[in-house]
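Thanks for coming. I will go through one structure today, starting with its pocket and ending with confidence.

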Amino acid sequence: AFQHGWDAAETRSQHLNDVFQEHLTQLVAALTDFHKAQCFFMLSINITVLVVIQRGGFDPHSLQQTYDTYVFLLVLAANGFLPITFTLTNLYLVGMLSWFLILLSTVTVMLSIATLASVGRFNPSEADMRNLKTLAASGGPPECDGFQPGIYCLRTAGFTYWDRFYGDQDTPTSTFRILG
């Protein structure tokens, strides 16, 4: 009776192992296709970010909007290498690397690093500052002589690390330095 139970368990274990191997192959194939799509998507996103940066000027309605766009571009650039390297590492762990995947990942990561460098430090363009000055000078309340001071409000919530990294620990002073 014991041997019969052992044989049944061994047969069941072998069946589960076969099912696992079959699904693992399908999962790895899906991960490989996902990785290719992810790389091509991030290549197109980073090229778009570079075009936006090259064009210059975001046509903002406030300094906060300009800053938020800057942070968004940083996040897009970082997404070009963090998920790519994670997925490539997983493919490496299951033994599914090819020269194509390595080359595609390398190009994607290099373009993302170049995009990150191009985004650089938060520094509104001259065109953006002229646009903000024009907007601020019109349509404000009578108490402010028609001036809209709220356009120049800037809050860097959650990104004080960047301010410290670049030596700007006093956000109001940093804002006036940008405006000055």
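A definition before the pocket: lining residues are those with an atom within 4 Å of a point of the pocket. Helices here are DSSP runs of at least four residues, numbered from the N terminus. Keep in mind that this is a predicted model.

So, which helix gives the most to the lining of the largest pocket? That is α2, with 3 residues. The helix spans residues 63-78, and α1 and α4 join it in supplying at least two lining residues each. By class, the lining holds 8 nonpolar residues, 6 polar and 2 charged. The volume comes to about 270 Å³.

His35 sits in α1, which runs over residues 2-55. Its relative accessibility is 0%, and buried means under 20%, so His35 counts as buried. What is His35 in contact with, leaving aside neighbours within four places in sequence? The list is Ile84, Thr87, Leu88, Leu91, Leu101 and Ser105.

Thr115 is in helix α4, which covers residues 99-119. Thr115 is also at 0% relative accessibility and therefore counts as buried. Not counting residues up to four places away in sequence, Thr115 touches Asn46, Val49, Leu50 and Ala77.

Now helix α5, residues 126-136. Where do its buried residues fall when seen down the axis? The buried residues in this helix are Asp128, Met129, Asn131, Leu132 and Ala136. Seen down the axis of α5, they lie within an arc of 160°, so they line one face of the helix. The face turned away from that buried side carries Glu126, Arg130, Lys133 and Thr134, which are exposed.

Last, confidence. Mean pLDDT for the protein is 81, with 84% of residues at 70 or more.

To recap: α2 gives the most residues to the lining of the largest pocket, His35 counts as buried, and the buried residues of α5 line one face. That is all from me.

Conventions
Residues numbered from 1 in each chain as written. Predicted model: local features only at pLDDT ≥ 70, side-chain atom pairs only at ≥ 80, totals over all residues. Heavy atoms only, no water. Buried < 20%, exposed > 50% of the residue type's maximum accessible area, 1.4 Å probe, protein only. Contact = heavy atoms within 4.5 Å. 1 Å grid on protein atoms, 1.4 Å probe; cavity = no way out; pocket = protein on both sides within 12 Å on 5 of 7 lines; lining within 4 Å. Points joined across faces, edges and corners; volume = space filled by probe spheres on them. Nonpolar A, V, L, I, M, F, W, Y, C, P; charged D, E, K, R; others polar. Arc of directions from axis to C-beta. pLDDT = per-residue confidence, 0-100.
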